[in-house]
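Welcome! Below is a short tour of some strands and sheets. Please keep the structure open as you read.

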Amino acid sequence: MHSTNRKKLGILLAILSVLLLISGTFAWFSFTQRAINDRSSNINFEEVGRLHDYFDRASGNKDVFAENFGDAPILVRVKLLEYMEINGESLVQADPQEVAEGNAVQPIKEDTGTWTPWTPEASGNTVGQRVGPGAVFNARARWTVGWNPRAATDGLGQLNAPYFMPTFNRARDNHKTAAAGDGRDWTQSGEEADTSASPDGTNAGADATGVTHPGNGTDGYWTNGSTATSILGTPPDTEDGTHTARQTVIQDQPVMLLSQWNALPVQDRVGNFWVVDPQTGWAYWANLLFPEEATSFLLDQANFSTSGIRGDYYYGIKAVANMVANTDGDVSALWEEAPENHSDLAKQLVDEVRNGLPILGEMEPGQIFSMRGTQYRYLENKGDGNHLVMTTAHQINSAWNTNAGVDSYNGSTLDNNMKNWHDNLPSVVRRQVQPVQKEFTGTGPDAMINDSSWITPNGNSVSAAIPIVGEPRAFILDFEHPAFTDALKNDFAEVDPNGEKKAFALSVAEVNHLSGPGKAFPTMASRSALWQLRTLFSSTHPWVIVPGVGVAGSFIIATNSPITDSGVLQTANLILRDQDGAWTSGF
């Protein structure tokens, strides 16, 4: 890993992956071209992403995806372009007048920059056939895009995300791609790698064949527990030694068009999936790509039909990848790519990806913010990049407990419903949730007080027996009072690497700690959205914060709020990780 005083992130420009069918025989060749700077201005950049190209000419398996081997999130987009000719004539023929006027480009085999962008039409909730000039390829080139879960090749059940072998080249100033199987890495000059010495890719030690990555390119070659070492014998391709296969992220949505993305509910518009802009052909990863992650597949299969062809033919696919740091300057460079006319929706998508996750470390206690369509209140900085937050509105309709035999919050109806709510969060939020203790102490019999004088007949009054500090009445509890057990006073949710990711109700101790001037709940009214806490007062009643009626915001135990009371609306709480604005759970 390079020194942290180097520029951590930059722009990966024009990583090209080319798949060829040549000379009238059903023989597949795949090439991956190294990064070149094809922008109008020269940008000094370091590469922190690697384009992967796993290809098998016999089956047509063609896995194209991107990996972030850096240490901060990046934005990713990939464009797929095609070219085909029969007997030397391009299937796509641009109008000469349009070409002369600069409104069209005539595709030329030798100039991959003139090839035709893949622009599909909408089909259900995903994409279908090509439209526009590329429609002429529909009869010959048949693609499968995105990832469809299927049986694992190792027989271990359904595979929801494919395995890949992480790059062995983690040099930020080297732009070689991870080309495996029949995949080939091209040189910057654009000349095809010499495959004559070893057309099957077995003699790759000197990089003569253009194969840069282990594997045979077949579907499901890498499985859980697979290990490998670099097939190239010189640095930087060997600096990390043995690697173990990892899974790409799980695809949240199928590949879709920008118009389909725009129709999604706002909470679903940032996630792990590809969105195609038909105006330019760019496919955008609809999420930040986090360190040590890889996108799901953009292209999964590429078959070609030779039926009825007479003479020589050529077919190629080029993949161009841009990977940029999440900074204003680097993102602005995406839109300066002349002569492309980027759509406003594409810019909106990138803006939502960048701003869909707030920087929690910059917030003050009590600050209200929105995140993927839900409003939250910032509660507390827990340290080490971890932050406690709460929904501002009631999210969960749940009795405290109706499960027989459960005598604490752990395993209660409320606990289970909090977990279910967490499990249905947008993945871009869920991945940031930190694990907390599997079982909370101070939520069962060891925390109970069982003093009937503390109980009031309804939620509109406060018992005079409850020990409090200062005014207003029952805003702050007096934990020096002997009735409060150590179990109750020490019940705080904490990050636990061996715990579980979940939402949870606040405890009495947490609400007391978070209340007062300069804290998350500076007034009684600020905490009136709360209701039942996770702490039990007795076997039949939990502690309650009065929700918006009577003495709203007060600590009470009310006869009209037993643990079996149905239809109780609850706020949900999470510990999220945000280390210097880099959203990554760390687990």
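**A covered strand and its partners**

Strand β5 (residues 74-86) is mostly covered, with 12 of its 13 residues buried; buried means under 20% relative accessible area, with exposed over 50% and partly exposed in between, using a 1.4 Å probe and protein chains only. This is a predicted model, in which local features need pLDDT of at least 70 and side-chain atom pairs count only at pLDDT 80 or more, while totals for chains, interfaces and linings use all residues. Residues are numbered from 1 along each chain as its sequence is written, and side-chain values use heavy atoms, with hydrogens and water left out.

Strands (E, at least two residues) and helices (H or I, at least four) are DSSP runs numbered from the N terminus, and two strands pair if DSSP finds at least two bridges between them. Strands of a sheet pair through backbone hydrogen bonds, either parallel or antiparallel.

**Partners of β5**

- β5 runs antiparallel to strand β23 (residues 313-325), and 13 bridges join them; here V76 stands opposite M323.
- With strand β21 (residues 282-285), β5 pairs in the antiparallel sense over three bridges, and V78 faces A283 across this pairing.
- Strand β7 (residues 116-117) is joined to β5 by two bridges, again antiparallel, with T116 as the bridge partner of E82.
- Strand β6 (residues 89-90) is antiparallel to β5 and joined to it by two bridges; I86 stands opposite E89.
- β5 and β6 form a hairpin with two residues between them, and N87 in the turn has a positive phi of about 50 degrees.

**An antiparallel sheet of four strands**

- This open sheet has the order β24-β25-β26-β35, with antiparallel pairing.
- Its edge strands, each pairing on one side only, are β24 (368-371) and β35 (573-577).
- Neighbouring strands of this sheet are turned by 45 degrees against each other on average, direction ignored; the axes are lines fitted to C-alpha atoms, for helices over the stretch in contact, and angles run from 0 to 180 degrees between N-to-C directions.
- β24 and strand β25 (residues 374-383) run antiparallel and are joined by four bridges, with Y376 in β25 as the bridge partner of F369.

**A mixed sheet of four strands**

- Another open sheet has the order β29-β33-β32-β31, and its pairing is mixed.
- At the edges are β29 (455-456) and β31 (532-536), each of which pairs on one side only.
- Strands β32 (residues 542-545) and β33 (residues 555-558) pair in the antiparallel sense over two bridges, and I545 stands opposite F555 in β33.
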